[in-house]
Every structure is written in C-alpha cells, then in structure tokens.
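Subject: Structure handover

Hi,

Here is the structure for you to look at. Please open it alongside these notes.

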Amino acid sequence: MIALLAATLAGCTAADPADSTPDRPPATAGPTSTATTPLPTTAPATPGVPAPTGPTATDGATGRVMLFRSGGFAGRGDAVTVEPDGRWTMVDRAGSRRTGRLDPADLGRLRGLAADPRLTAEARRPTASTGCADAFSYRLTVGTVETGYVDCPADPAPPPATRALVELLLRATG
C-alpha cells in the first residue's frame with residue numbers, strides 16, 4: 001500500500017512535465033483521434049509589450065474538443081473527445097469506452113465556449129506548480145489551443161473559460 005501511494009505521489013511531483021505526459025490524452029482517446037500540433041511556447045505577458053500572435057480560440061470553435069482529466073486520490077485518467085457534430089467518446093484509465101451525443105443546448109454552449117477569446121489568453125498564461133498532491137489535473141484542447149489547470153483549493157482560481165468548458169464536458173458526458 002505504501003509503495004502504491006509513493007508511486008502515485010511520485011507521478012504527481014514530476015519535476016519536468018516534458019519528461020512525462022500524464023496529462024495528455026492516450027492514443028485511444030477516440031475512434032478517429034489524431035495528433036494535435038502543440039502550441040508555441042510564449043513568455044508571460046510584459047506590461048507595454050504586445051502579446052505574441054498565434055492561434056485563436058476561434059480557430060478550433062468548429063473543430064474537435066478534447067479533455068483529459070488525471071489525478072485524484074484514485075489516480076484517474078479519463079479522456080473525452082467531442083467531434084464538431086456533438087458526438088462524444090469517453091475512455092477511462094482502464095480502457096472502458098462510452099459514447100453519446102450532446103443535446104442541442106449543450107452543443108450550442110460548447111460552441112460558444114470554444115469560440116471564447118479568453119481561451120487563447122488562458123492558454124498563454126504561465127503554468128505554475130501546484131501545492132496539492134491528490135488534485136485533479138485538466139488538459140483541454142480546442143482546435144490548436146491547449147489550456148488547463150489543477151483543481152487545487154490552495155492554488156489561484158482556475159481560468160474561467162477553461163473551467164466552464166471542463167464543467168460542461170464533465171456534466172454532459174458524465
């Protein structure tokens with residue numbers, strides 16, 4: 001039991017996120033899953049310096065939306081993929097797959113949130129380490145925009161547009 005707990009905590013405290021990809025969707029995230037182009041790395045915004053240009057949230061507003069939730073005490077690893085027509089697939093850590101279709105109201109809300117320009121700004125913000133060991137980590141990809149957060153009460157508030165999309169996806173596919 002102690003070894004399992006130590007292994008779980010070690011995975012939560014990786015020093016270099018590039019060395020490990022626990023918050024990336026697995027290759028089985030959906031029946032037609034394709035690789036996404038990573039976002040360019042940008043420096044934090046500096047007052048008086050124009051923000052770098054790059055993909056906008058509207059680039060992915062009609063594209064695929066992917067969410068990967070990892071962590072928690074039990075060590076979850078759930079991937080949700082929503083196609084532009086509202087068909088969704090959820091694959092859990094064990095490989096169990098569920099499918100469905102968003103109702104028209106949820107699909108409309110998803111499209112509106114995916115087009116929200118705040119997503120791009122949230123994707124550009126620097127990533128800070130978390131103070132929580134057993135918190136859920138969320139990685140959200142909308143078209144070419146990738147953003148996320150760790151749901152830890154001790155951390156700053158999650159990015160609002162990202163959080164709204166995460167909550168919608170979890171509720172509508174849960």
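Predicted model: local features only at pLDDT ≥ 70, side-chain atom pairs only at ≥ 80, totals over all residues.

Strand 1

Strand 1 covers residues 65-71. Seven of its seven residues are buried, so the strand is largely enclosed by the rest of the structure. It has two pairing partners to look at, taken in turn below.

Partner one is strand 2, residues 76-82. The two strands run antiparallel, and seven bridges join them. For a reference point, take Gly71: its bridge partner in strand 2 is Arg76. Strands 1 and 2 form a hairpin, with four residues between them. Check Gly72 in that turn: its phi is positive, about 80 degrees.

Partner two is strand 5, residues 136-142. This pairing is also antiparallel, over seven bridges.

The core

The largest nonpolar core holds 23 residues. Which of them touch the most other members? They are Val82, Leu110 and Leu140. Several elements each supply at least two core residues, including strand 3 (87-91), helix 2 (104-114) and strand 6 (145-151). Strands 1, 2 and 5 are also among them. Helix 4 (160-173) is on that list too, and it gives the most, with six residues.

Best wishes

Terms used
Residues numbered from 1 in each chain as written. Heavy atoms only, no water. Buried < 20%, exposed > 50% of the residue type's maximum accessible area, 1.4 Å probe, protein only. Pairing = 2+ DSSP bridges. Core = buried A, V, L, I, M, F, W, Y, C linked by side-chain atoms within 4.5 Å.
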